[in-house]
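Open the model in your viewer and keep the selection tool ready. The tour goes stop by stop, each with something to select.

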Amino acid sequence: MKEFKGDKFPWKINKNAGQYLSIQSANGFPFEICKLGVDIPTTLANAKLIAAAPELLQACLAVLDGQTNKEIESAKRLAYVAINKALG
């Protein structure tokens with residue numbers, strides 16, 4: 001299976017004093033992956049999707065690489081977790 005070479009995940013949403021939202025990686029130091037405008041429902045929904053992107057990719061790759069029923073079921077669980085994170 002191919003591997004994601006970007007910043008380590010999980011990524012999280014950081015609310016910066018209500019001025020803007022940022023997505024931060026789990027590299028052990030505050031590194032902003034992106035900044036989004038004012039904290040409004042649409043912006044928050046976009047931030048949740050961006051923050052879930054690495055897990056969504058991991059789940060998709062796992063589904064495509066699954067050979068056995070057990071592997072496919074495990075991949076589906078990853079997908080459900082990632083989708084729930086994206087939809088919040």
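**Stop 1: two helices.** H1 covers residues 41-65 and H2 covers residues 69-87. Their axes come within 7 Å and cross at roughly 170°. Axes here are lines fitted to C-alpha atoms, for helices over the stretch in contact, and angles run from 0 to 180 degrees between N-to-C directions. Helices (H or I, at least four residues) and strands (E, at least two) are DSSP runs, numbered from the N terminus.

Before going on, a note on the source: this is a predicted model, where local features need pLDDT of at least 70 and side-chain atom pairs count only at pLDDT 80 or more, while totals for chains, interfaces and linings use all residues. Residues are numbered from 1 along each chain as its sequence is written, and side-chain values use heavy atoms, with hydrogens and water left out.

Stop 2: Show side chains between H1 and H2. On H1, the contact includes Ala45, Leu49, Ala52, Leu56 and Val63. On H2, look for Leu78, Ala82 and Ile83, among others. Contact means heavy atoms within 4.5 Å. The residues of this contact divide into 15 nonpolar, one polar and five charged (Ala, Val, Leu, Ile, Met, Phe, Trp, Tyr, Cys and Pro count as nonpolar; Asp, Glu, Lys and Arg as charged; the others, Gly among them, as polar).

**Stop 3: Glu55.** Select Glu55 in H1. Is Glu55 buried or exposed? Glu55 is buried, with a relative accessible area of 14% (buried means under 20%, exposed over 50%, partly exposed in between, with a 1.4 Å probe and protein chains only). Beyond its neighbours within four places in sequence, Glu55 is in contact with Phe9, Pro10, Ala82 and Lys85.

**Stop 4: the sheet.** Now select the three strands. They form an open sheet in the order E1-E2-E3, with antiparallel pairing. Strands E1 (12-16) and E3 (32-36) stand at the edges, each with a single partner strand, so one side of each has no neighbour in the sheet. From one strand to the next, the twist averages 25°.

**Stop 5: strand E2.** Select residues 20-24. E2 pairs with E1 over five bridges (pairing needs at least two DSSP bridges). Find Asn16 opposite Tyr20, then Lys12 opposite Gln24. Four bridges join E2 to E3; there, Ile23 has Cys34 as its bridge partner. Four of the five residues of E2 are buried, so E2 is largely enclosed by the rest of the structure.

**Last stop: helix over sheet.** Show H1 again. H1 lies across E1, E2 and E3, running at about 5° to E2.
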